[in-house]
Amino acid sequence: MHQRHDLLIAGTYLISMDPDIADIPQADVLVRSGEIVEVGPHLPGREAGGAQVIDAAGTVTLPGFVDTHWHLWNSLLRGTVGDRPGRDYFAVKRALAPHFELGDFYWAARFGLAEAVSGGITTVHNFDHNVRGPQDADANIQAHLDSGLRGRFSYGPPDSAPSTSPNDLDDLAKLRARWPQDHLDGRLDFGVAVRGPYRTPPEVYEREWHAARSLGMPITMHCDRCLREEGCRSCGLTRLEELGLLGPDVQVIHAVHASGQDIEALARTGTRVSLSPMTEMRTMGFPLLTELLEAGVQVSLSLDTLAMPTSADILGHLRAIISVEAARTGSGTVTPRRLLRLATIDGARDLGLAERVGSVTPGKRADLVILRSTDVNLVPSGDPAEALVYTGQIDNIDTVVADGRVLKRHGRLVFDDDDNPVTMAATCRDALLHRAAAAGDWQL
């Protein structure tokens, strides 16, 4: 496990995402025991009090980015999904999912989370829709803790499970006993990943909703009828509202073809929406970001998966989103600052973490990303927030701090053991493909 260090980030341009602090063109941020204890104007030569000083002149500092929906287990499928026949995401996932072994789940998650760090993402919601047994869930949880990042693990069914087969609700109830709070370092909580009324019968989804709410666990569900129904023009969310299945404890994913009535149902019930624009535009359609925001729906952003041609370049994603929304709607609702809010404090609100992270505020945990503002693609610059969204790149990220632990420094990932998640994931992926080929489910 990475060690925490007291830190003084000195002389940075701070985009705090806290309206009471706003931006500070030259700021110092003091971190002790993983907590932000002081934020204020830069004081040259100030006493660090034993803290490790990061000279942040010529940088921009933001809260760490928050990803609210990521299938970490299928990070090993990157490079196997493509445009050739039989190599689409769903065909590959169904062929390889049954052949995952315990180590594959662990290293897939570690690999995805390492890429998250590279992209400045410090919180990840692991939506696991291939839990093949309790040990698989435990491997994902351990990987998340070992990564140093914050997040949520949402317990789902095995991939391609029969619609009549519910989640392992017995093990869901045991999860907190196996993983008490003192084992989670204050960085991880649990949720339930369900398939919902359009994929499962009442005897399944009613049990799953009841179990989740009885345990006080938040619920997450894909809303992607557009993948299965040609000409779909409604997500059917009004039906979920009538069934009492929506609410502030529910996160809906995608909802690309939500009707006006669907969006009203989301707003009325306080249901949250996580959009994954890069995968949605590839396989579903245009995300309805402007419409959701203008209706007052709580929205956050997510990567979805590394299996498709995606990466954790959140700034590249924000740039694509703002261009698409400008062309699609002509509305001024989606601005660079609004997008940075979606990727930070709004993501924290979605996951119930806004009191702990999402802004650079004294008393919150130190989840921070520091970018070099002197790199060629960021100069000359007017508003740093606009510069980051319009021309920023993942290569500009110099330092990433998660819960007071430095996980990236001088542009390089920091690993504190001999096991490199990148090389381990490549080894696991090759062995996975050979096992699937030996079973006749894959052609090498």
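At 7% relative accessibility, Phe 100 counts as buried in this predicted model, since the cut-off for that class is under 20% relative accessible area. The ring of Phe 100 forms an aromatic pair with Trp 73, and it is one of five aromatic pairs found in a search of the whole structure. Trp 73 is placed in the loop between strand E6 (65-70) and helix H1 (89-96), whereas Phe 100 belongs to the loop between H1 and helix H2 (102-118), so the contact ties together parts that are 27 residues apart in sequence. Trp 73, like Phe 100, is buried.

Phe 100 also pairs with Phe 105, with 5.3 Å between the ring centres and 45° between the planes, so this second pair is tilted. Phe 105 has a relative accessibility of 0% and therefore counts as buried. Through these ring pairs, Trp 73, Phe 100 and Phe 105 are linked into a cluster.

Of the 17 residues of H2, 14 are buried, so the helix is largely enclosed by the rest of the structure. At 1.5 Å a residue, H2 should span 24 Å, and the distance of 25 Å between its end C-alpha atoms agrees with this expectation. After H2 comes Gly 120, which has a positive phi, near 80°.

Aromatic rings also take part in contacts with charged side chains. The charged end of Arg 87 is positioned over the ring of Trp 442, at 3.8 Å from the ring centre. In a further contact of this kind, Arg 239 lies over the face of Tyr 198, with a distance of 5.3 Å to the centre of the ring.

Contacts between oppositely charged side chains were examined next, and a search of the whole structure finds 32 salt bridges. Among them is the bridge between Arg 46 and Asp 28, with an N to O distance of 3.6 Å. This pair links distant parts of the chain, 18 residues apart, with Arg 46 in the loop between strand E3 (35-41) and strand E4 (52-55) and Asp 28 in strand E2 (residues 23-32). Arg 46 is partly exposed, having a relative accessible area of 23%, whereas Asp 28, at 1% relative accessibility, counts as buried.

A salt bridge also joins the side chains of Arg 152 and Asp 189, at 3.0 Å from N to O. Here the two partners are 37 residues apart, and the bridge links distant parts of the chain, Arg 152 being in strand E8 (residues 150-155) and Asp 189 in strand E9 (residues 188-194). Arg 152 counts as buried at 8% relative accessibility, while Asp 189 is partly exposed, with a relative accessible area of 26%.

In the salt bridge between Asp 346 and Arg 338, the closest N and O atoms are 2.7 Å apart, and both of these residues are buried. Beyond such individual pairs, salt bridges that share partners join Arg 4, Arg 150, Asp 185, Arg 187, Arg 365, Asp 367, Asp 403 and Arg 405 into one network.

Terms used:
Residues numbered from 1 in each chain as written. Predicted model: local features only at pLDDT ≥ 70, side-chain atom pairs only at ≥ 80, totals over all residues. Heavy atoms only, no water. Phe/Tyr/Trp six-rings, centres within 6.5 Å; stacked < 30°, edge-to-face > 60°. Helix = DSSP H or I, 4+ residues; strand = E, 2+ residues; numbered from the N terminus. Buried < 20%, exposed > 50% of the residue type's maximum accessible area, 1.4 Å probe, protein only. Lys NZ or Arg CZ within 6 Å of the ring centre and 35° of its normal. Salt bridge = Lys/Arg side-chain N within 4 Å of Asp/Glu carboxyl O. Expected span 1.5 Å × (residues − 1).
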